[in-house]
Structures are given as structure tokens and as C-alpha cells.
Amino acid sequence: MNSPHISSARQAKTDWRYLGMEAGLILAVAYLLVFASPHNIGLIYPATVAVTAALLTALTLGWLVLGRRGPGRLHFGVWVFLAALILAAAFSSDLRRSLPEVWLIGCALFWFLLAAELTSRGVPAELIHKAVLLVVGILSALALLEVARWYQGWLAVHPGDWLPAIQYRVTAPNLVAVLVNLSLMLLIPRILASRARPLRVLLALWTLALLALLYFTSSRGGWIGTAAGFGGLALAHYYHNPAPWRARISALLKKRWPVALAVLATLVLLAAAAWLFIRQEQLPTHGSFFRSRGDFWGPAWQLFSQSPLVGSGPHTFVNAFLERVSAPPGTIYNYAHNIYLDLLSGSGLIGLGGFIFLCYAVIKTLLRRLRAAEGLDLAALIGAAGAAAAFLVHGLFDSVHHTSPSAAWTFSILLGAALGSPRREAPARRWPLAGFLLLPVFAWINLWWLIPYQAGVDAAGRGDWQTAAAQFDRAAARDPALTLTHQQRGLAYAFLAGLGQPGALEQAAASFTQAARLDPAYAMNWANLGALQIAAGDYAAAQSSLEEAVRRAPRCALCWLNLGDARLFAGDGSGATQAYQKALELYPAATDAPDWAADPLLSAVQRSWRAAHPAAGAKTVEELEAAVRANPHLAATYVNLGYAYLEQGSADLAARMAADASLAGGAGADVLWLQAAAWHALGDPRASESAEGALNRIGLNSPAGPGGLGEVQYFTNQFRRAVMPAQLVPQMNPLPLAAVWVEREAERVGWEE
């Protein structure tokens, strides 16, 4: 089965069977990776959830009927680990969040055992690996095309400058790093095992392309994982047949010059790796490697310390994280960036113990298979060993199993395929397979929960708030423990209240009360509730809610602004002034905001602020150019210099700065407006479209203020649900537009006249 040949009619039939299996496996792997993509396509939308529920049902029932042939040690290890996770979920601080996470991990383990079962039933492991390689290869090619388009854009702005000053980073870099590492570990043993020179050349070129893509992920944890993966490949080779390795090492040690050259080459490689590693610290997306991880590891350890035996429940890390980080304006992260701390914080010593037991079963099976394997089976086992080393070491620095479920699912498939044995195991009991029926059962329940919820989101997207509210009523009745259902229902009723519907304001407040009770760590639940209570005239309750919001997110300017309103309406003018001053301190863009200037109290706050914080002198063009040279990876440096060029009348240079800002990853309103203003000065007809994009972007009002995209990603990743674009109730007093944007709106109108 490893290398079919066509030498007879029977052999030809076997070859077609091989090709048919290959096509089916490619389609299956492609579906699973798309299902569990970074955008959570299959985890969010009812159609794909229904397909996957049906697929899981058919596979589980079929497997139960056929019985098991795969290694029993692996099944036992899987069930020990799953039992530990289920036990931890039973004691979770939020069972509704923990169960879907256990389901996702259960699916990964199901694919792991299913791949081992296919190998045990005669499907070659190398064929399953080939399917993984081809699917990931297509995704990698698309990522490389993305790099090529970016580089083409660089050359268009800087013709002849072949080495970009700006470092590009691919989309979903940590996920790409995982998939690239898994592919690399499968490719290298194939190169060594192949006897066909053209194939070896092709695979070598593929490997070089993946290494280039790995560089553009700028994933420092991924790079460390790559090094560990190479070490895993070498150790697996050595374990399979140590005698030749010992002979080579012994012969090499007798030759001084080769040893000296090898040591020198190693030192050069380590120095180059260290230089690249340090260079990543300059990127705006990176901080100091270990210091930045401390922001995640500390809260995870805190959760573990509070409940060392069973943890706080899978997928509840965010609660501890929000205790330490003010969000907004800070970004919300759902995982600890360390799979072992995720296990400890979510499932305690029981979860970690179950994982270690599973690892023991996997290693035991791998070592037993390594000694006897040969040909492409050996290549598959060695590749799986390298992939495991890369995945587990990368997991020390990133939650690679959570970045996207596709990472863990891909790893599970390739590892399981390698560990399956064509030799039939002892007679296997069917009943343990019945436990996997829980996977399709939960998938169907999730679909039942999801259908009215998604209908509500869709109706909200059309502006049909009546239908949205009715659908969210159904969703809340079906799934009352999900925080997000109440949050979305509250938004729908808040918009109905804004349209004057009787009773809608009370319904909205009731929903946000429930959302805040279920998810008290998220400050915006309290802030939205406080805004609704102000609208209802319950100023004492509003103060309490908004004070809780600022306690949860002390750097949230929006929360302080609305707390000032609640205090003002309650007759506490002094307290209101203090809250407004804090809002202005956190959101200096309001210093000259016209909306505030029209209000006597807010205007006085503005004047007081300006008196205490005199405006700094404008930086010279030379100083701004020096800032660009000092940090060429930061979009804001190009924007500031671009506006200085515009004031000088150098519109062509300003346009180039706008292009450089885009290349550096800037896509905000300021970049779009700089581009529009430069194009307008140059008479470029694209100016109008770019200006409209800038104004539309700044018109988006998020918890962090005008122009922000808000926290949609938090909802999608934390709750595996789509959400409506609005994140603030219309009764909320939003952060104001800065004067410069009011002027730009007027300027845009002037362009058309």
C-alpha cells in the first residue's frame, strides 16, 4: 500500500482504490480544517454545524457497528484524559463555557483515534499524511501569495529597494506557524525515504518555501517549536537504529577539523537565530518575549492556585485575565498562551495528570512502532515524532491548541495515523466507543441552541429589531446559561426602546442584569446596564453598575464618562466632574471635542485640562523622519510624518507615507484620511472613496471610542457565536469625535462642492 504499482488488472484496481482513498481523505481533511478555521466557520453557522453533527453521528455509529481494531492503549489513554476534563467541567465556574471546550478537545481526540483506526484497517499512514500535507500546502501557498502581494506593494512604493525596511507578518501567524511546523516534520522524513530524485527535489523546494513562510509568521514560539521538532526527528531516527548513528559520531569525534567546523557552524546558526529573535522585539505586535507572556501566565497560575485539584473549569481563563487587564481599552485574550497552564488553570492537577497519562500511552505506542517500522511507515512515524515535539514545545509559549481548533485537529490526525498498526489487536470491546456518541449529541443540542440565536443576529444585521428580539427571546429560553444570548437580547431590546416601543427598556435592562450576573468580569455588561438605568431614571442603580464597570476596567474612558452622567443626574456635581476629568485623562481626543465644548460642565473640564497640560510644540519634519528610521515597523510614525509633509505641500511624499503605513499594517481611519488628503492634493480621483472609508471607519463607535472595531473577536472566540455589529446600547453616551475629525467631515463636503 505504500507504493502501489500497475503491473496487472488486479494491481490497477488496487491503484484506483488508492487514488480514491486519497481523494476522499483530502476532502475530509479540507473540510475539517475549514470547519475549525480561524474564523470558526463551522463552529458558528447552523448549516456547517448541522453537517458536522451528521458526520459525527454517521462516523460514530458506523464505528460502533464495525468494532475497533486500533491500539487499545491509545483508547484507554484518551478516555482517562477525557474523563479528567469532564470531571473538571462538572466543577467549573461556568459550565456553559466549559462544555463546548471539552467537546472541541473531544473531537480532536476522536479524529486522533479514527485516524489510528483507518491505519489499522489498511489505509496507509503515509496516505493520510499526504492528504494533510496537500491541504496544508494549499493554505501555505495562499499565505505565500499574500506575502508576494505585500512585497509587490512594497516595490511599487520603493522601486529598486529589494530589502524592505518594514517587516511583514502573515495573517493568523501563530496558527500558520503550527501548520508549517507540522508540514515540515512530515516532509523531511519523506525526502530521506524517497529514492526518486525529482520527488526529492520537489519536496526540498517545498520545505524551503515553508521555512520562508515560517519566517514571515514572526512567531518566536513557533521558531522554538521548529528547533524542537528537528530534535525530535533526530531522536526518532536514532531510536529506530542507533548503531549507524553511534558509528558516525565515533568516527567524527576522531577528526578534529570537522568537529571544529561543526561547532563553529552551530555557533553561527545560534547567533543568527538570536539576532532574528531579538529583531522581533521591535515589531509593534510583539513585546519582550517572557515579559509579555507573564501577562497571561500570571492569571492562569492564580486560577490554578485557587483550585489546584480541578481548576476553575476549561475555557474560563478569561475571567482571571480580566481581573488584571482593563478591557476596554486593552485587548481581551481567551487563553494563557501555554497549553500546560491552560490545563492547570482549567482542569487542575486532574486534567494535567490525564494529559500526562495520554502522552505516556502515545510515547509507548510510538516507541514500540518505531523499532519495527520501515519504508514510508517509518517516515510517517519519524515525522509524527518531530511534529509532536514541535507542537508540545511551541505550546510552552502559545496556546496552539486554541489559536484555532484546526491546529489541534491537524496534529491529532497525523499523530493518530502514524500510531495505528496494520496488525490486528486482541479482540476489542465495542462499548467504550459508545462514549463518543456524546460528541454528535452535543453537536445536535448546540444546533438547537444556535438556530434562533443566529436568526436573531441576522435580523439585527437587517435592522429588523422586532424580529431580532423575538428570536433572542427563543434563544434565551433554550439556552439560558449562555451569557452572550442575554447580551445580544439586551442590545436588541435597547434598540427597540430607542424606537419608542413600550416595555423594551425594562426588557433590555433585565437582559443585561442577567448578562452581568453570568459574566461579571466583562466590564461592558455593567456599562451597558448602567446606561439603560440612566435612561430609565434609576440613577442610584446606574451609579452602582457604572462604578462596577470602572472597577472592572479602570482605564475605560467610556465607563467613566457615563458614570459622570449618572452622578450628575443624581445631583453629585463634584463626583461627576471627577469622573469626566478621568474620562478626559484616558481619552485625550476629547480635549477639543465640539460636543463637549457645547456643554458648560464638560467645557470647564476641557479648559481645566488644557491649562494643566499645555500643548507640546509640533515636531519638526527632521524629528519625525528620525522616528520613522528608529521604528520603521510602526504605522503611526509614517502617519505623523505624512501629515507633516502635507503641511509642507509635499503631497507626493505624504501619499508614500500613507502607503508605507498600510504596508506596516495600518488600516485605521487616520491612514485612510492621510491617503485621501494626499490623493486629493494630487488630483487623484480615488481621494473621495478613501475619505469616505476613513469617515465610515471613524463613525464606528466601539467601547474603546470612535473608529475602534470593538471586541467582536472576544465574543467569537469565547462563545463560538456570531454577534451583531453594535456593541453599545443606543442609550450610552458615546466618546466624542475629536475636533480634527469634525473638521475633516466638513472638508470632505468641500471637496464635492
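How many helices and strands does the chain have? You will find 34 helices and two strands. Both are DSSP runs numbered from the N terminus, with helices (H or I) having at least four residues and strands (E) at least two.

Before you start clicking, keep in mind that this is a predicted model, in which local features need pLDDT of at least 70, side-chain atom pairs count only at pLDDT 80 or more, and totals for chains, interfaces and linings use all residues. Residues are numbered from 1 along each chain as its sequence is written, and side-chain values use heavy atoms, leaving out hydrogens and water.

**Stop 1: the whole chain**

Along its principal axes the trace spans about 90 × 60 × 50 Å.

Now colour by accessibility, if your viewer can. Of the 753 residues in the chain, 51% are buried. Here buried means under 20% relative accessible area, exposed means over 50%, and partly exposed is in between, using a 1.4 Å probe and protein chains only. Contacts are worth a look too: among those between residues at least 6 apart in sequence, 72% join residues at least 24 apart. A contact means heavy atoms within 4.5 Å.

**Stop 2: H6 and H7**

Select residues 125–157 for helix H6 and residues 173–193 for helix H7. Their axes come within 10 Å and cross at roughly 130°. Axes are lines fitted to C-alpha atoms, for helices over the stretch in contact, and angles run from 0 to 180 degrees between N-to-C directions. H6 and H7 are therefore oblique to each other. On this scale, angles under 35 degrees are roughly parallel, over 145 roughly antiparallel, 65 to 115 roughly perpendicular, and the rest oblique.

H6 passes H7 in a left-handed crossing. A crossing is left-handed if the near helix is turned anticlockwise from the far one by less than a right angle, and right-handed if clockwise. Show side chains next: Glu126, His129, Lys130, Leu133, Val136 and Ser140 of H6 meet Leu179, Val180, Ser183, Leu186, Leu187 and Arg190 of H7. By class, this H6–H7 contact has six nonpolar, three polar and three charged residues. Ala, Val, Leu, Ile, Met, Phe, Trp, Tyr, Cys and Pro count as nonpolar, Asp, Glu, Lys and Arg as charged, and the others, Gly among them, as polar.

**Stop 3: two loops around H13**

What kind of peptide bond runs from alanine 327 to proline 328? This bond is cis, with omega near 0°. Proline 328 sits in the loop between helix H13 (317–324) and helix H14 (339–372). Step along to proline 329, in the loop between H13 and H14: a cis peptide bond with omega of about 5° joins proline 328 to proline 329. For background, most peptide bonds are trans, and most residues other than glycine have a negative phi.

Then select histidine 315, in the loop between helix H12 (289–306) and H13. Histidine 315 is not a glycine, but its phi is positive, near 70°. At 8% relative accessibility, histidine 315 is buried.

**Stop 4: H23 and H24**

Select residues 539–552 (H23) and residues 557–569 (H24). The two axes come within 9 Å and cross at roughly 155°, which makes H23 roughly antiparallel to H24. The crossing of H23 and H24 is left-handed. Among the residues making the contact are Leu546 and Val550 of H23 and Trp560 and Leu563 of H24. The residues of this H23–H24 contact divide into 10 nonpolar, two polar and two charged.

**Stop 5: two arginines**

Is arginine 748 buried or exposed? Arginine 748 is buried, with a relative accessible area of 14%. Look for arginine 748 in helix H34 (residues 739–752). Not counting residues up to four places away in sequence, arginine 748 touches Trp673, Ser688, Ala691, Glu692 and Leu695.

Finish at arginine 720, in the loop between helix H33 (712–719) and H34. Arginine 720 has a positive phi of about 55°, although it is not a glycine. With 9% relative accessibility, arginine 720 counts as buried.
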